[in-house]
Amino acid sequence: MNLWRSLLIAIAIGSVTPAWAGLEAFDFSGNVNEDRYKELIAEVRCLVCQNQSLADSDAGLAHDLRMEVYKLMEQGQSDEQIIDFLVSRYGDFVLYQPPVKPSTYLLWYGPFVLLALGLLLLLRTLRQRRAQIQSEPGLSPEEQQRVERLLNESDSGKEERQ
Amino acid sequence: MPAFVRYLTPLVLFLALAGLLYKGLNLNPREVPSPLIGKPAPEFSLPGLEEPLTTVSLDDFRGEVTLFNVWATWCSGCRAEHPVLMRLAEAGVRIYGLDYKDDRNDAKRWLLRYGNPYIANAFDESGKVGIDWGVYGTPETFIVDRNGIIRYKHIGPITIDAVNTKIMPLIEQLKEDKG
């Protein structure tokens, strides 16, 4: 019984351990909204460990940038202003969602172009196939007669067996 | 559609994709292009490394083509490029340093031990100036022209090859430009 209780407590503690590395203790009682802060740092890439967001990374630079983001929010800057601050220094690469501009058109619209091309190809193939079927010559009178004879035969065969 | 076109199409598509992926294999994802190229260098004013009472600022660069090298004693790549910086300094290149998030005494000892290629070092203890310059990993080196415009950024240790193919030609060219 005691063992079970301690196990349960261990599981309960384990499940509430924050998944964030290197999270600073910020004071969110002022004008900085905690949810807004967390949402923003999760959208920004850490350039040191590139597959981690600013929220996840334990790199020194990520720590500094989280402090910076918090400070900017405290000064009352909007999300756009803070994103601009980061992009003007580190480039579009800091954004997990790249902006739509001429150099990213291929990225954003490429899949739709491919889809359209695929649809066109499908349409063309279907149309060709239909034309092919229609252009095939029908049965000649002799063949027609033979088909009817065969059909009748099998029908009468069935009746005989029954 | 002729038969050979039909049969060759998959092969051509495969080769195109393979070529694209092969190129991707050789790209270095750590080299993120800086948005600061072609823009005015970010202003800064920091205490000097060797003499904390002096100030090193962007104004010190003005009027001359300057190499601005971001380094730290905890950075192994900086140790690797240090001899190259010494040779650049000997060749008459103006080098300023940004000692980034470092310990002042360690950094002074480093310069005594390995030599000092810098005209002066700005001591960026908090890393704030590093953020303004978009530094995300030392060593990083910027070339700033006479008018204070950033013309080039080298990420990682400077190699002799980079000096010969990019850095020296650019510096020579910028020196000739009478801005």
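Which residue in E5(B) does B:Tyr96 stand opposite? In this predicted model, B:Tyr96 stands opposite B:Ala120 in E5(B).

Strand E4 of chain B covers residues 95-100, and six of its six residues are buried. B:Ile95, B:Gly97 and B:Asp99 point one way from E4(B), while B:Tyr96, B:Leu98 and B:Tyr100 point the other way. In a regular strand, side chains alternate between the two faces of the sheet.

E4(B) pairs in the parallel sense with strand E3 (residues 66-71) of chain B over five bridges. In this pairing, B:Phe68 stands opposite B:Tyr96. With strand E5 (residues 120-124) of chain B, E4(B) also pairs in the parallel sense, over five bridges.

A right-handed β-α-β unit is made by E3(B), helix H2 (residues 76-90) of chain B and E4(B). Another right-handed β-α-β unit consists of E4(B), helix H3 (residues 104-114) of chain B and E5(B).

## Cysteines

A search of the whole structure finds one disulfide over all chains. The disulfide joins B:Cys75 to B:Cys78, with an S to S distance of 2.2 Å. The torsion about this S-S bond is about 90°, so the disulfide is right-handed. B:Cys75 is buried at 5% relative accessible area, and B:Cys78 is buried at 2%.

A:Cys46, by contrast, is in no disulfide. The closest cysteine sulfur to that of A:Cys49 is in A:Cys46, at 3.7 Å, which is too far for a bond. A:Cys46 is buried, with a relative accessible area of 1%, whereas A:Cys49 is partly exposed at 24%.

Conventions: Residues numbered from 1 in each chain as written. Chains lettered and ligands numbered in written order. Predicted model: local features only at pLDDT ≥ 70, side-chain atom pairs only at ≥ 80, totals over all residues. Heavy atoms only, no water. Disulfide = S-S within 2.5 Å. Buried < 20%, exposed > 50% of the residue type's maximum accessible area, 1.4 Å probe, protein only. Helix = DSSP H or I, 4+ residues; strand = E, 2+ residues; numbered from the N terminus. Pairing = 2+ DSSP bridges. Right-handed = clockwise from strand over helix to strand, strands pointing away.
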